[in-house]
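Look at the model below and follow the text from one contact to the next. Keep the chain letters in view as you read.

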Amino acid sequence: MAKRRSNAREILSRFRRNRLALFGAAILICLCVLAVFADFIAPYSYEEQDLLLSLDPPSRDHPFGADEFGRDILSRVIHGARVSLQVGFVAVGIGMILGGLLGAVAGFYGKRTDNIIMRTMDILLSIPSTLLAIAIAASLGPGLFNLMVAVGIASVPRYARIVRGSVLSIRNQEFIEAAKAVGSSDARIIVRHVLPNCMAPVIVQATLGVASAILNTAGLSFIGLGIQPPIPEWGAMLSSGRTYIRDFPHITLFPGLAIMMTILALNFVGDGLRDALDPKLKR
Amino acid sequence: MWRYILRRVVAFIPVLLGVSFIIFLLLYMTPGDPARMLLGDMATEDRVQALRQEMGLNDPFFVQFGRYILNALQGDIGRSYITKHPVTGEILAAFPATLKLAIFSVIIAIVLGIPLGIVSAIRQYSLFDTVAMVFALVGISMPVFWLGLLLILFFSVHLGWFPASGFDSFRAMVLPAVTLSTPSLAVISRMTRSSMLEVIRQDYIRTARAKGQKESVVIWRHALGNALIPIVTIVGLQFGGLLEGAVLTESVFSVPGVGRLMVEAIKTRDYPLVQGGVLYMAVAFSLINLLVDIVYAYVDPRIKAQYQGR
């Protein structure tokens, strides 16, 4: 127990020394606060229309201006944080659970099971993930939840590969053998002993995965898949603002900035975690 | 060598079958009756049933899949619900624009990305390195469609240097290609930097320097030659990203390519066209990775050695 704690402390201190990672973490915490307390922080409702304000540039009352329906863009960007983080975490959760299980089973059992699972993953990987997400989202039909499922499933093969790789590297270690010797079931060995020991690369991939899930979703809703109005999703906001880009660029400016800050922060944290969790992985 | 190439080509076949199966499965699960979609709301139930029979939509799943594969081999992957034209024809007509855009972008990404990465690695922790790597991180984090809109705002609306849409002249191609190449440029320069940093610390580089080799030869011949293998992999994988990015970039700049065709199809719920676009793009991506595998054989002497004398 003592060793584990010191290990965690060391990881934390390595992470703390990385200034970019701390900066990213700070931005992420702010985003989470915005997402959770959006109803209290946003100055206006995200769907309230005031056509008198339509396309108004930024002003003191509306720091980010108003969109074509006269909705306050600041409030919509704040509520958008909730949508984006939700999409990011749910999609990654789906990808990580399905992919992690498939990868663990493939790596643990090896032979034919491994072959069947991993060849299927290879086939899925040969479709670029956004395109796969487009194909899945198109067949599931519109809706925020379907979009999350599509983006999540499209990321399954990546997690499967990573987990399989780590499982292969620890499968033959003594503590696994010991667990087998005392008669633990396969499921118990995989869940209690194998998976916890290959979490490091999965955590890193998951952090970066949240970034790509958010980016993917924004892209999909930009081209008109999934999100239904008036849900304040950043990609959808950009999409509707592009019509007015010549005369009212503020509509597209702020949602885009929000996406970029979020992705940048997640990338900083992901890189920092990778370096902190496993100095050997440092690039 | 030929054995290696042959093995790669043979391994390509199950991938193609698998991809077609996934696309077919997704089309099969899509809500709505294809026969009804083709005939429109006004058609009588009898006509819809007759067309269902004719299209084989009442057959079992695997019979339908077998027919789909046989037809796909002859280039027939269904008809557009909207224009009623064969999907293949529509996509092939749009493909040259997408290919041109992707190739133009990959050239920008390679020509700028690799030197950026090399210089950053040689001058690790210098100002140049820091600026280049911050730029790379921003490039990775920026949604391409937003970057495209910003470039339009700045270079078309304010400066008037480049047109905001179209793809018929070189000038019109500049903004879409720059937009699409940015994420790949960022990834390639990051990869080149880390790959070079790893190689530079190897013993044979120290040996090359110790025997008095010129620094430029050390970097370009000894170091880059060995750093190139992971870079080639990344360039191949970036093509996948480029094809995805093309869907968004084409939609921003109204480039008449497969991506914009798919976006229009999504808006009109023209599913055969959407899935057909994904299928063709996935095949193109797999073909490019097959080419990358073959290029490997020339870049990596270890592969050549493995197949020599057999």
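Between chain B and chain A, six residue pairs are in polar contact, both residues at pLDDT 80 or more. A polar contact is a pair of N or O atoms within 3.5 Å; within protein, one must be able to donate a hydrogen and the other to accept it, and residues adjacent in sequence count only if both atoms are side-chain atoms. Which elements of chain B give two or more residues to the side that touches chain A? They are α1 (2-29), α6 (127-141), α7 (144-158), α8, α10 (215-253), α11 (258-267) and α12 (271-299). Of these, α12(B) gives the most, with eight residues. Helices here are DSSP runs (H or I, at least four residues), numbered from the N terminus.

This is a predicted model: local features need pLDDT of at least 70, side-chain atom pairs count only at pLDDT 80 or more, and totals for chains, interfaces and linings use all residues. Residues are numbered from 1 along each chain as its sequence is written, chains are lettered from A and ligands numbered from 1 in the order in which they are written, and side-chain values use heavy atoms, with hydrogens and water left out.

Now take the whole interface. In chain B, 44 residues are in contact with 40 residues of chain A; contact means heavy atoms within 4.5 Å. The size of an interface is often given as the accessible area lost when the parts come together. Here the buried area is about 3,600 Å², that is, the accessible area (1.4 Å probe) that the two parts lose on being put together, summed over both. Carbon and sulfur atoms give 76% of this area.

Next come the charged pairs. Side chains of opposite charge can pair when their charged atoms come close. A salt bridge is a side-chain nitrogen of Lys or Arg within 4 Å of a carboxyl oxygen of Asp or Glu. The count over all chains is seven. Between chain B and chain A it is one.

That bridge pairs B:Arg190 with A:Asp271, at 3.5 Å from N to O. B:Arg190 lies in helix α8 (residues 170-200) of chain B and A:Asp271 in helix α13 (residues 250-277) of chain A, so the pair joins two chains. B:Arg190 is partly exposed at 25% relative accessibility, while A:Asp271 is buried at 15%. Buried means under 20% relative accessible area, exposed over 50%, and partly exposed in between (1.4 Å probe, protein chains only).

Other bridges lie inside chain A. A:Asp114 meets A:Arg164 at 2.6 Å, N to O. A:Asp114 sits in helix α5 (residues 111-125) and A:Arg164 in helix α8 (residues 156-170), so the pair ties together parts that are 50 residues apart in sequence. A:Asp114 is buried, at 12%. A:Arg164 is partly exposed, at 23%.

A:Arg119 and A:Asp122 form another salt bridge, at 3.2 Å, N to O. They are three residues apart in helix α5 of chain A, so about one helical turn separates them.

Back in chain B, look at B:Ser189 in helix α8. Is B:Ser189 buried or exposed? It is buried, with a relative accessible area of 2%. Leaving aside neighbours within four places in sequence, B:Ser189 is in contact with B:Gly113, B:Leu116, B:Gly117, B:Met133 and B:Ala136.

Finish with helix α5 of chain B. A kink of about 35 degrees lies at B:Phe95, shortly before the proline B:Pro96. The bend at a residue is the angle between axes fitted to the seven residues ending there and the seven starting there.
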